[in-house]
Amino acid sequence: MPEAIVTDLSPLRLGKHLARLPIIQGGMGIRISAARLAGAVAREGGVGVIASVALGLASPYYKKKSDYFAANKLALRDEIEKAKKAAPGGIIGVNCMVAITDHEAMARTAAESGADVIISGAGLPLNLPAYTKDHPDCALLPIVSTAKAARLICRRWDHVHGRLPDGFVVENPNTAGGHLGAKRIELGNPAYELEQVIPDMAAFLKEDGYDIPVIAAGGIWDRGDIDRMLDAGASGVQMATRFVCTHECDADDNFKQQFLNRGPRDVVIVDSPAGLPGRAIATEFVHRLDAGGDVEMQCFANCLRKCLCRDEKETFCIAFALDRAQRGDTDHGLFFTGSNLYRSEAIVSVREVLEALCGTHKPASALA
Ligand SMILES: Cc1cc2nc3c(=O)[nH]c(=O)nc-3n(C[C@H](O)[C@H](O)[C@H](O)COP(=O)(O)O)c2cc1C
């Protein structure tokens, strides 16, 4: 194991698990965060998260369309095993989106394969505890964007499943990457800002007598951002875009290159076939989509429960577009990003990122 990063930040408790660094690397599908990235983050003391969506597509288990769901399960099992091997004693999580067809199967497979944490959003994970009930040590963290959604989950879980979440990831749809937990017209609403939602969450949790950590996500990039979130009442942060430009990120090098030398105007909102807006880079594919041009519409995976492409012949095939992006194809790929895209400067190691975020040494500018 590498020498532990010395930090002045407090550890993050998630159920039975204690992360030395209060940083969760956000799940990034398809295959942007798999075993390599998650293992590297967990090895350094953070929580490494494998995105489970469509993991099977690039696995040896996927040969034809009908293999899709079985391949996803087998690939997830393999990725968890690889990540755990890379990070003995580290904390490995799995991101299981509610909106995907095999949400239940992915959550069950994650828990059965030894995931320490399941993080679940893109819908309300109301039945998640039922899928993992034989694995009580697996911590469960719903992703929400409002205190109202968190309250609903607490009440339902307590009433139906007799348990509570081990933490909430509170994601700001105004800044986060990927699918967003708000309608397109609601984006930009200051009510979603974390400085507002986190104290709201803390107040309701206290009022209802719940002791549940809140983890802030969306637009968090540097130590100053982390300190602001902790000051607002968060116990930790979830960060995704910052981990794309690392050697260990599981995407093709051309995926990472797309994050360099960009400006804030390169970030756009795309209507996903899931019926949710998504934040992405304005690549060739997005320009063609906006212009009503030719994009892949053939459903080959049946990956979403509700899909505008499959059911209404609208939008585009998201499994194809995200898979192409991971392979570095800017003509056909959809490159999800958070609003901080423009802050990526170079491809560095996960350790360098975590040292910059959590280490006790001050940057040269602060010493002057
Ligand atoms: C490339 C990319 C893919 C993502 N894929 C997923 C996903 O599969 N499931 C999910 O719940 N969130 C996904 N997200 C959201 C992140 O996990 C994270 O919560 C969010 O991006 C945090 O904001 P930040 O990127 O500004 O740090 C994705 C984000 C990015 C940038």
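## Ligand surroundings

A polar contact is a pair of N or O atoms within 3.5 Å. This is a predicted model. In it, a polar side-chain atom of Glu171 sits 2.4 Å from an oxygen atom of the ligand. Gln238 also places a polar side-chain atom by a ligand oxygen, at 2.7 Å. Gly177 uses its backbone instead: an N or O atom there lies 3.0 Å from an oxygen atom of the ligand.

In total, 21 residues surround the ligand. The closest are Gly27, Glu171, Gly219, Gln238 and Thr241.

## Helices α1 and α2

Helix α1 spans residues 35-43, and helix α2 spans residues 68-86. They pack at an angle of about 30 degrees, and their axes are 8 Å apart. The two helices are therefore roughly parallel. Their crossing is right-handed.

From α1, the contact uses Ala35, Gly39 and Arg43. From α2, Glu79, Lys82, Ala83 and Ala86 take part. By class, the contact holds three nonpolar residues, one polar and three charged.

## Helices α5 and α6

Helix α5 covers residues 147-161, and helix α6 covers residues 194-207. Their packing angle is about 30 degrees, with the axes 9 Å apart. So α5 is roughly parallel to α6. The crossing of α5 and α6 is right-handed.

On the α5 side, Ala147, Ala150, Arg151 and Cys154 make the contact. They meet Val197, Asp200, Met201, Phe204 and Glu207 of α6. This contact of α5 with α6 has six nonpolar residues, three charged and no polar ones.

Methods
Residues are numbered from 1 along each chain as its sequence is written. This is a predicted model: local features need pLDDT of at least 70, side-chain atom pairs count only at pLDDT 80 or more; totals for chains, interfaces and linings use all residues. Side-chain values use heavy atoms; hydrogens and water are left out. Axes are lines fitted to C-alpha atoms, for helices over the stretch in contact, and angles run from 0 to 180 degrees between N-to-C directions. Helices (H or I, at least four residues) and strands (E, at least two) are DSSP runs, numbered from the N terminus. Angles under 35 degrees count as roughly parallel, over 145 as roughly antiparallel, 65 to 115 as roughly perpendicular and the rest as oblique. A crossing is left-handed if the near helix is turned anticlockwise from the far one by less than a right angle, and right-handed if clockwise. Contact means heavy atoms within 4.5 Å. Ala, Val, Leu, Ile, Met, Phe, Trp, Tyr, Cys and Pro count as nonpolar, Asp, Glu, Lys and Arg as charged, and the others, Gly among them, as polar. A residue is near a molecule or strand if one of its heavy atoms lies within 4 Å of it. A polar contact is a pair of N or O atoms within 3.5 Å; within protein, one must be able to donate a hydrogen and the other to accept it, and residues adjacent in sequence count only if both atoms are side-chain atoms.
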